[in-house]
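Here is a set of exercises to work through with the model open beside you. Try each task on your own before you read its solution.

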Amino acid sequence: MNMAWKEMKKNKTRFLILGSIVFLVSFLTFIISGLANGLSQDNAALIKDLPNGQFYMTADADQTYNLSRIDTSVQDKILNDQREAVALSIQMGFVNDGADKQQSVVFVTSTDSDLLPQVGKGEIVLDRSLEEKGIKVGDTLTNNQFSGEFIVKAFVDQKKFSHAPVAFINMINYQEIYRVREMQLIFVPESDATLEIAGLEYFSNKQFLDTIPSYSAEQLSLNMIVWFLVVISGMLFAIFFYMMNVQKIGLYGILKAIGVKTSALFKMMWTQMLLITIVALAISIALSQAFMVVAPAGMPFNLSFTTTVQLSIIFLVIGFIGATLSGLQIKKVEPLQAIQQGEV
């Protein structure tokens with residue numbers, strides 16, 4: 001520790017440059033990870049807030065939920081056998097407010113369940129993002145495919161689907177708007193055992209999220225960027241310490257000649273890596289958390305404590321691997337040969 005700290009003080013500029021690069025890469029990684037999580041929540045909060053379970057849709061829907069039509073007799077049998085199960089439908093749509101301004105929403109309706117808000121005929125429960133657009137409880141909303149009017153009953157937090165606010169409506173009103181009687185999906189919560197039902201295909205929560213158009217492509221792209229940045233940070237450690245070690249071959253030869261063990265040299269290098277990474281990560285975490293506070297209200301950004309800890313551990317592991325690989329040459333240094341080469 002003492003030897004590592006003395007070398008860092010002696011070569012402040014070098015270690016400051018490495019620390020700055022690690023800070024920039026880790027900060028960028030935290031920001032992109034926060035955006036990925038935020039977009040994920042904005043795209044599928046309706047599904048992600050449900051407990052783990054199984055989704056069922058018709059097999060001939062080709063894994064496209066809005067093409068699924070579950071026979072009512074099959075639906076009734078499942079709901080009778082599985083008391084916690086719920087049948088639901090999801091469709092893009094719109095409502096017009098009092099000023100006749102059109103607002104895009106995702107209409108959601110369901111059978112009786114504690115998992116989703118229940119509304120009466122002519123009532124509507126909206127995601128709170130629409131409250132910020134001026135809609136209030138008690139307002140009247142219309143839809144050109146609906147003969148009546150919707151009265152805004154309440155707002156709920158964080159109920160988005162496919163980047164649009166969710167509007168919960170009664171099943172009778174939904175059937176009138178979309179001219180269908182069958183529901184699209186059945187969700188069985190807390191179900192580890194999969195039900196084999198003829199004509200229906202089942203999905204876990206994660207598998208169902210992948211059937212949402214744009215969700216998997218969006219998340220795959222952002223997560224690939226995050227992982228590329230993590231790998232780049234590991235390569236930076238490997239390259240930096242490799243260059244440092246090449247310049248210090250002679251010094252290592254002398255240290256070995258006076259009895260310093262190879263393990264002590266590795267410990268010095270690991271200590272330097274840990275100090276640089278911890279300081280860089282601490283600054284990155286502080287700034288990314290501050291960014292989450294000051295980010296514009298409409299920006300989907302969500303950097304959780306769990307994600308922050310996981311990424312920090314990954315950075316430390318990658319940095320350790322990179323530094324260790326670069327230090328393998330220390331093990332090969334022959335004291336007499338290094339001194340004879342006059343590389344000190």
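This is a predicted model: local features need pLDDT of at least 70, side-chain atom pairs count only at pLDDT 80 or more; totals for chains, interfaces and linings use all residues.

Residues are numbered from 1 along each chain as its sequence is written, and side-chain values use heavy atoms, with hydrogens and water left out.

**Exercise 1. The largest pocket**

Describe the volume and lining of the largest pocket, then explain where it lies relative to the domains.

Solution. Start with the term: on a 1 Å grid over the protein atoms alone, a pocket is an open set of points where a 1.4 Å probe fits, with protein on both sides within 12 Å along at least five of seven lines, and lining residues have an atom within 4 Å of a point. A volume is the space filled by probe spheres set on the points, which are joined across faces, edges and corners.

Next, take the volume, which is about 470 Å³ for the largest pocket. Then look at the lining: it has 17 residues, and Asp42, Gln158, Lys160, Ala297 and Met299 lie nearest the centre. By type, the lining holds 5 nonpolar, 6 polar and 6 charged residues; here Ala, Val, Leu, Ile, Met, Phe, Trp, Tyr, Cys and Pro count as nonpolar, Asp, Glu, Lys and Arg as charged, and the others, Gly among them, as polar.

Helices (H or I, at least four residues) and strands (E, at least two) are DSSP runs, numbered from the N terminus.

Last, the domains, whose bounds come from an automatic or database domain assignment. The largest pocket lies between domain 1 (1-44 + 216-341) and domain 2 (71-183), because both give residues to its lining.

**Exercise 2. The annotated spans**

Find the residues that the UniProt record annotates as "transmembrane region", and check the secondary structure of 224-243 and 307-328.

Solution. First, the record: the unreviewed UniProt entry gives this annotation to residues 224-243, 264-287 and 307-328. UniProt positions are in the numbering used here, feature names are shortened, and annotations may be inferred rather than shown by experiment.

Second, the model: residues 224-243 are 100% helix and 0% strand, with 28 Å between the end C-alpha atoms. Residues 307-328 are 95% helix and 0% strand, and there the end C-alpha atoms are 32 Å apart.

**Exercise 3. Positive phi**

What are the phi values of serine 162 and histidine 163, and where do these residues sit?

Solution. Begin with the background: most residues other than glycine have a negative phi. Serine 162 has a positive phi, near 55 degrees, and histidine 163 has one of about 65 degrees. Serine 162 sits in the loop between strand 7 (160-161) and strand 8 (164-169), and histidine 163 is also in the loop between strand 7 and strand 8. Serine 162 is partly exposed at 27%, as is histidine 163 at 32%.

**Exercise 4. Sequence and space**

How far apart are the C-alpha atoms of threonine 211 and glutamine 63, and those of glutamate 196 and isoleucine 17?

Solution. Threonine 211 and glutamine 63 are 148 residues apart along the chain, with 6.2 Å between their C-alpha atoms. Threonine 211 is buried, at 13% relative accessibility. Glutamate 196 and isoleucine 17 are 179 residues apart in sequence and 59 Å apart in space. Glutamate 196 is exposed, at 67% relative accessibility.

Conventions: Buried means under 20% relative accessible area, exposed over 50%, partly exposed in between (1.4 Å probe, protein chains only).
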